[in-house]
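Here is a friendly walk through one model, written for someone who likes to see the cut-offs alongside the values. Please keep the viewer open while you read.

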Amino acid sequence: MVYFRFDWEDPSGLKPSILLVLHFLPLMGTFLFDKIIFGPVISRRLGVSLGINLLPVDTKVCSFDCIYCECGWTPDKYTKKVVLPSRDEVKQRLEEKLQEMADNNQLPDVITFAGNGEPTMHPEFAGIIDDTLEMRSRYSPSARIAVLSNATMLHKEEVFRALLKVDDNIQKLDSAFEETIRLIDNPRGRFNLGKVVGQLESFKGKVIIQTMFLRGSWKGVDFDNTTDQEIDAWLELVKKIAPSQVMIYTIARDTPADTLRKVSFDDLERIAKRIRGEGIAVQVSE
Ligand code: SF4
């Protein structure tokens, strides 16, 4: 087993040092995944998805603290040591699960890195992606490999290169305004939207942009990332990034903040129409 320490001041600073645990833990309507490998679940965006959680099984670790996160709030402090699964442990659990699914002739459409926080913060993320590619080839060659990420670790070359190897490199961009991102995504540590957009452009199209649309108020501030001003600016960034696809969606489950409202399917379709108008593929999920 390998242990790690997380340094909140520097999201890139996961260092070998401490932590571990695992089950499905309800938390005020939100929830944590209690296993390294979870599902398969039916994902509204991806199909039959076998999940991989590279974060602890008893708490959340993320470089964002989104007010809509279905895992609940990101802790300010940890009262006990945080344990991430080791590369070997992930490989072994994944192989066991894929073997079981192959035996039952129920292979997944997609193997998805998601779970209790930001998967690219795991210090062995790149090696784990290599192992997963190998397992996929051996047991489930038709399955896609997807990573759901908040784009805060793209400055790490090994993370960037690993993401280029997966089929669905899905990166979050919830607004073109840093002020809106600071309100709804709550970045921990350093965050510079211009740099993130530059990194997303560097994928040269081998990236999918995911955007959560929602309205509400938080800390006394009203917000709505579907206004014309928001969509005009966001669409300009999307065009600059030139992704292979855009995934847009809204709140579907309980959120830690109780002052949020989902947007209607008609609103999502109105945004989707503008994306399609730019010749970019879009997937809408309610
Ligand atoms: S980036 Fe994802 S895991 Fe992290 S707080 Fe936001 S929704 Fe939750």
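The notes below cover helix packing, the ligand shell, and a handful of individual residues.

This is a predicted model, in which local features need pLDDT of at least 70, side-chain atom pairs count only at pLDDT 80 or more, and totals for chains, interfaces and linings use all residues. Residues are numbered from 1 along each chain as its sequence is written.

## Helix packing

Two packed helices are described by the angle between their axes and the distance between the axes. Here, axes are lines fitted to C-alpha atoms, for helices over the stretch in contact, and angles run from 0 to 180 degrees between N-to-C directions. Helices (H or I, at least four residues) and strands (E, at least two) are DSSP runs, numbered from the N terminus.

| Helix pair | Angle | Axis distance |
|---|---|---|
| Helix 1 (residues 87-103) and helix 2 | about 20° | 10 Å |
| Helix 2 (residues 125-139) and helix 3 (residues 157-165) | roughly 20° | within 8 Å |
| Helix 6 (residues 228-241) and helix 7 (residues 265-277) | about 40° | 11 Å |

Let us take helix 1 and helix 2 to begin with. Their axes pack at an angle of about 20°, and that makes helix 1 roughly parallel to helix 2. Angles under 35 degrees count as roughly parallel, over 145 as roughly antiparallel, 65 to 115 as roughly perpendicular and the rest as oblique. Helix 1 passes helix 2 in a right-handed crossing; a crossing is left-handed if the near helix is turned anticlockwise from the far one by less than a right angle, and right-handed if clockwise. Residues of helix 1 that meet helix 2 include Val 90, Leu 94 and Leu 98, while the helix 2 side includes Ile 128, Met 135 and Tyr 139. Two residues are in contact if their C-beta atoms, placed from the backbone, lie within 7 Å. By class, this contact of helix 1 with helix 2 has seven nonpolar, three polar and four charged residues. For these classes, Ala, Val, Leu, Ile, Met, Phe, Trp, Tyr, Cys and Pro count as nonpolar, Asp, Glu, Lys and Arg as charged, and the others, Gly among them, as polar.

Helix 2 also packs against helix 3, with axes that cross at roughly 20°, which makes helix 2 roughly parallel to helix 3. The crossing of helix 2 past helix 3 is left-handed. Phe 125, Ala 126, Ile 129 and Leu 133 of helix 2 make the contact with Glu 158, Val 159, Arg 161, Ala 162 and Lys 165 of helix 3. Six nonpolar, no polar and three charged residues take part in this contact of helix 2 with helix 3.

Helix 6 passes helix 7 in a right-handed crossing. Ile 231, Leu 235 and Val 238 of helix 6 touch Ile 271, Arg 274 and Ile 275 of helix 7, giving five nonpolar, no polar and one charged residues.

## The ligand shell

Which residues surround the ligand? They are Cys 62, Phe 64, Asp 65, Cys 66, Cys 69, Cys 71, Thr 74, Gly 117, Glu 118 and Asn 150, where near means that the C-beta atom, placed from the backbone, lies within 6 Å. This shell divides into five nonpolar, three polar and two charged residues.

Asp 185 is in contact with two members of that list, Phe 64 and Cys 66, and also with Asp 174, leaving aside neighbours within four places in sequence. Asp 185 is found in the loop between helix 4 (178-184) and helix 5, and Asp 185 is buried, with 25 other C-beta atoms within 10 Å. A residue is buried if 20 or more other C-beta atoms lie within 10 Å of its own, exposed if 12 or fewer, and partly exposed in between; C-beta atoms are placed from the backbone.

## Loop residues and backbone geometry

Ile 36 sits in the loop between strand 4 (30-32) and strand 5 (37-43). Is Ile 36 buried or exposed? Ile 36 is buried, with 23 other C-beta atoms within 10 Å. Among its contacts beyond four places in sequence are Ile 52, Pro 85 and Val 90.

In strand 5 you will find Pro 40, and a cis peptide bond with omega of about 15° joins Gly 39 and Pro 40.

Asn 105 has a positive phi of about 55° although it is not a glycine. Asn 105 lies in the loop between helix 1 and strand 7 (110-114) and counts as exposed, with 6 C-beta neighbours inside 10 Å. Lys 204, also not a glycine, has a positive phi of about 50°. Its place is the loop between helix 5 (193-201) and strand 10 (208-212), and with 9 C-beta neighbours inside 10 Å, Lys 204 counts as exposed.
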